[in-house]
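Hi everyone, thanks for making time this morning.

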Protein chains: 2
Amino acid sequence: MCPVEGNQKSNHTNGNGVTTNGNCSGGGNNDVFISVDRGDPKMYYTFWKNVDDKCTVTIKASELMSYFADLDQGGVFYQLPEFSAAVHQVHRVVGNAVTEGRYIIGGTGSSQLFTVALRALASTVNNTNTDNNLKKKRQIPVVCAEPFYSCYQEALEEEKSEIYKWQGDAKTFDEEGPYVEVVTTPNNPDGSIREPVVKKEGGLVICDLAYYWPQYTPITTPADYDVMLFTLSKATGHAGSRVGWAIVKDKEIAMRMIKLMSLITIGTCHEGQLRATKILEFVADSYAPLENGKLNSNGNAHVVEQPSEKFFEFSHRVLADRWKRLRAVVKRCGVFNLPEYSPEYCNFMNKNIHPNPAYAWMELKNGEDAEKLMNELKIQTRGGPRFGVSSKYTRVSMMECDDTFNQLLDRLSTLES
Amino acid sequence: MCPVEGNQKSNHTNGNGVTTNGNCSGGGNNDVFISVDRGDPKMYYTFWKNVDDKCTVTIKASELMSYFADLDQGGVFYQLPEFSAAVHQVHRVVGNAVTEGRYIIGGTGSSQLFTVALRALASTVNNTNTDNNLKKKRQIPVVCAEPFYSCYQEALEEEKSEIYKWQGDAKTFDEEGPYVEVVTTPNNPDGSIREPVVKKEGGLVICDLAYYWPQYTPITTPADYDVMLFTLSKATGHAGSRVGWAIVKDKEIAMRMIKLMSLITIGTCHEGQLRATKILEFVADSYAPLENGKLNSNGNAHVVEQPSEKFFEFSHRVLADRWKRLRAVVKRCGVFNLPEYSPEYCNFMNKNIHPNPAYAWMELKNGEDAEKLMNELKIQTRGGPRFGVSSKYTRVSMMECDDTFNQLLDRLSTLES
């Protein structure tokens, strides 16, 4: 998930990664803002451009017309069976989540699924409450350890639900009764590995695993929570598709989520599902060629020719290189602290690797306003208060295009402590 | 908009119109339920199959990757400029809505836009209220003249918003203060042409024009409401794309809706937008070839070769034929009443035409339960109570595939009064 807003005067690229409004690098023009505020995953463009014709989706006029894509896959009527299969396949290959025997429920990005999961969980709690007055009055608290992803709070406060409410930091939460804790791991914004912190009776957990992929962090174990959220945006960089999926253990919760998806948007865009299927299959097939007799979404058993550097190796290399360069600049200018991460054995890469989070969580050493300082350098970032913490922190996306990232380093280099 | 649920034992076809679970016709097997409950627009498949290769969308691996499709079109960052252009073009050609100077805001079907428009309108009303206690307590009533589309009530009651609540029939609404009236015209389920009925001070209107297309009703004037909703599902039959659009007059409301779209789903699926663009352009171009020098979404100025029977002529002919046949059967069996509609001059067709609504609103003459009677014939319909009225009514989709429609007539023919 990723919020999209803020100063739109900064330059940006269009859906094809082509600059449409000014130059992605600012053309070396230091008067133009660069934006590393949002989590737009533009760094992946180079990889996909290289395999453009090997991973093409074609849709004819009469295809994907019905509301129904499938009625047999656990009741997810709007879901292409090949999409569910591709999600299972990629998790099996990467080993980052348990999917066997779970419900896969597609959403319009994981943002939609966050709300849908929350409603499903909250209404289950409310349904077990037989006192009607209490039922009406009780808003389930939703908490998350700070620093928490800025959009959870914004989305919930905007929604103004009668049945749940945003209650901020999980670490200071000590009310009795049911609650929902959102666990983002690796965490957005600070890249830390997390577990639930409240651990009280009546607690329900939504685990946002948007960044639990090998390019960002070592895969140490398959995640195994009751409700887990993933998004194509951060897995492969296809943010424009707005494709996310929930992996849900409990049948009742899953059925409730599907019912809600039906009421809210009558499912998700089938074209986006088809695209996601193609992209996920391409990635998964490059690591684990199709089993004997299995057909891919093209209806044939041939594995598409793969590039010499596979997807996770490419993206891990780019992020590792960027982190190395950022740390060097930050060390040299001496103004910021960056979190340190310990290497761990990655079961997917089969070696020890360092985490390379999608965001740099930068702390201004003198305790002043970090976002403000960045603004003076014409670098648009997202300050600590949006994540529930001090303004001495600010979040910097590591996933922008090369030109923007290079500009970021150039501008940070002008700082002296 | 269209709800998708109910008895899933009935047969159905997949996204390609190909039967996946039993035969679309029931194979003449009267033990198998046929479903005319939902508004799945399968009748359009035949038209699009015929132009399959003339209206194909191809998407390469690196295309449509960013969250951003455009930042210059009135702030709709997630919207392809060619999608907005195609929406303007098709309304200009058909003459069914004023779009000049209006904001076009895409959504995941019009269902999503219904909620987003409601939230935007309700929060505007609440923002002008400076008394904080009143602000908290006041839920804006949302009303619609009965029979009203079943999903309005279901979606709002499910949402459990603090700021608005479903309050049912507009005709009996007489509270003071702000309210939102939903006007569906032509109406779902009964095909009637409607205007606001409450007309009090402080009232805001959302106009759902899903069925205001020449195949369903004569186009008498361009609709000109503050907030108007359309959906690709009912315009061209591409329900699986989940593409809808709002046409919004007021800048503040439009900006609020875009902000909400950003928070809820970070916009809409770009692949779906591209598909919708292609389909809408194809339809519009067949009536009004591209102006000199204008380029279509392929980047060329050639109009795609068109079929001998154009889209609205095809769909009008199919619906007119079905209505004629249904009326004949209903008259013969003598058990039901059907609404009568007067012909009017259609500015698009340039002649007098009869309305051919997307649904038949059938009234059981003896006053008994119409849905129950249909169930006995193994015809799944949607009964009056779902639309806020008596069970002597039931709604029958006229948009199913030919086989299902023929089965419907066969089964109705077995009734005797």
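Let's begin in chain B, where strand β9 (residues 203-208) and strand β10 (residues 227-231) run parallel and are joined by three bridges. Two strands count as paired if DSSP finds at least two bridges between them, while helices (H or I, at least four residues) and strands (E, at least two) are DSSP runs, numbered from the N terminus. B:Ile206 has B:Val227 in β10(B) as its bridge partner.

Helix α2 (residues 81-94) of chain B packs on the sheet, touching β5, β10 and β11 (243-248), and its direction makes about 70° with that of β11(B). Contact here means heavy atoms within 4.5 Å. For the angles, axes are lines fitted to C-alpha atoms, for helices over the stretch in contact, and values run from 0 to 180 degrees between N-to-C directions. Helix α7 (residues 251-265) of chain B also touches β5, β10 and β11, with its direction at about 25° to that of β5(B).

A quick word on ground rules. This is a predicted model, in which local features need pLDDT of at least 70 and side-chain atom pairs count only at pLDDT 80 or more, whereas totals for chains, interfaces and linings use all residues. Residues are numbered from 1 along each chain as its sequence is written, chains are lettered from A and ligands numbered from 1 in the order in which they are written, and side-chain values use heavy atoms, leaving out hydrogens and water.

So what is the strand order of the whole open sheet in chain B? It goes β5-β11-β10-β9-β8-β6-β7, seven strands with mixed pairing. β5 (103-108) and β7 (164-169) of chain B each have a single partner strand, so one side of each has no neighbour in the sheet.

Now over to chain A and its strand β6 (residues 140-144). Five of its five residues are buried, so β6(A) is largely enclosed by the rest of the structure; buried means under 20% relative accessible area, exposed over 50%, partly exposed in between, with a 1.4 Å probe and protein chains only. A:Ile140, A:Val142 and A:Cys144 point one way, and A:Pro141 and A:Val143 the other.

β6(A) pairs in parallel with β7 (residues 164-169) of chain A over five bridges, and A:Cys144 stands opposite A:Asp169. With β8 (residues 179-184) of chain A, β6(A) makes a parallel pair over two bridges, where A:Val142 faces A:Val180.

Thanks, and I'm happy to chat!
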